[in-house]
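Visitor: I would like to learn how to read the features of a model like this one. Please take them one by one, starting with the terms.

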2 protein chains.
Amino acid sequence: MCEANAYLYETDGEKLLLENVDKVVPQDDGILLEDIFGRRQLVKARIRELALVDHKIILEKL
Amino acid sequence: MCEANAYLYETDGEKLLLENVDKVVPQDDGILLEDIFGRRQLVKARIRELALVDHKIILEKL
């Protein structure tokens with residue numbers, strides 16, 4: 001499985017938001033994350049970087 | 001390896017842009033894609049959706 005973990009970038013490190021993320025869908029007011037179990041989380045953030053080989057989705061606050 | 005393929009969404013289908021993408025970095029003027037070999041491509045687009053289990057990065061034109 002090639003899901004990734006989503007983190008929120010902060011100046012003092014990265015905070016884990018959601019594990020096993022499958023879908024990432026930008027919305028007008030943030031980023032919708034959906035994990036492989038169908039659990040969803042809307043985060044008021046934008047994508048800072050994806051590093052897929054490292055299984056990382058890094059978001060930053062809007 | 002958990003790289004993905006990047007596609008450009010068009011009304012008549014999806015056009016393959018780059019295979020084996022590792023890094024995806026939004027820029028002011030588009031999206032920078034980098035594959036696992038370090039090859040880079042800057043696309044004047046934004047992220048429409050990521051479907052990681054399907055290894056798909058779907059972009060749409062700006």
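Guide: A salt bridge here is a side-chain nitrogen of Lys or Arg within 4 Å of a carboxyl oxygen of Asp or Glu. The side chains of B:Asp22 and B:Lys23 meet that rule, at 3.8 Å from N to O. This is a predicted model, in which local features need pLDDT of at least 70, side-chain atom pairs count only at pLDDT 80 or more, and totals for chains, interfaces and linings use all residues. Residues are numbered from 1 along each chain as its sequence is written, chains are lettered from A and ligands numbered from 1 in the order in which they are written, and side-chain values use heavy atoms, with hydrogens and water left out.

Visitor: Is B:Asp22 buried or exposed?

Guide: Buried means under 20% relative accessible area, exposed over 50%, and partly exposed in between, with a 1.4 Å probe and protein chains only. B:Asp22 has a relative accessible area of 12%, so B:Asp22 is buried.

Visitor: Which residues does B:Asp22 touch?

Guide: Contact means heavy atoms within 4.5 Å. Leaving out residues up to four places away in sequence, B:Asp22 touches A:Leu50, A:Ala51, A:Leu52 and A:Val53 in chain A, along with B:Glu34, B:Asp35 and B:Ile36 in chain B. B:Asp22 belongs to strand S2 of chain B. Strands (E, at least two residues) and helices (H or I, at least four) are DSSP runs, numbered from the N terminus.

Visitor: How many salt bridges are there over all chains?

Guide: The count is 14. One of them joins the side chains of A:Glu10 and A:Lys61, with N to O at 3.8 Å. That pair links distant parts of the chain: A:Glu10 is in strand S1 (residues 4-10) of chain A and A:Lys61 in strand S6 (residues 56-61) of chain A, 51 residues apart. A:Glu10 is partly exposed at 26%, whereas A:Lys61 is exposed at 54%.

Visitor: Which residue forms a salt bridge with B:Arg48?

Guide: B:Glu60 does, with the closest N and O atoms 3.0 Å apart. B:Arg48 lies in strand S5 of chain B and B:Glu60 in strand S6 (residues 56-61) of chain B, so the pair ties together parts 12 residues apart in sequence. B:Arg48 is partly exposed, with a relative accessible area of 32%. In chain A, salt bridges that share partners join A:Arg46, A:Arg48 and A:Glu60 into one network.

Visitor: What relation holds between the two chains?

Guide: Copies are superposed by least squares on the C-alpha atoms of residues with pLDDT of at least 70 in both. A rotation of 180 degrees, with 0.0 Å of shift along its axis, places chain B on chain A with an RMSD of 0.0 Å. That is the relation of a two-fold axis. Of the residues of chain B, B:Cys2 comes closest to the rotation axis, its C-alpha being 2.6 Å away. The copies meet through the same surface, because 100% of the interface residues of chain B are also interface residues in chain A.

Visitor: What is the volume of the largest pocket, and which residues lie nearest its centre?

Guide: Rolling a probe the size of a water molecule over the atoms shows where empty space is left. On a 1 Å grid over the protein atoms alone, a cavity is a set of points where a 1.4 Å probe fits but cannot get out; a pocket is an open set with protein on both sides within 12 Å along at least five of seven lines, and lining residues have an atom within 4 Å of a point. Grid points are joined across faces, edges and corners, and a volume is the space filled by probe spheres set on the points. The largest pocket has a volume of about 370 Å³. Of its 17 lining residues, A:Pro26, A:Ile31, A:Arg46, A:Ile47 and B:Arg46 lie nearest the centre.

Visitor: Where is A:Leu33, and is it buried or exposed?

Guide: A:Leu33 is in strand S3 of chain A. A:Leu33 is buried, at 0% relative accessibility. Its contacts beyond four places in sequence include A:Ala6, A:Leu18, A:Val43 and A:Leu59.

Visitor: What is the phi of B:His55?

Guide: Most residues other than glycine have a negative phi. B:His55 has a positive phi of about 60 degrees although it is not a glycine, and lies in the loop between S5 and S6 of chain B.
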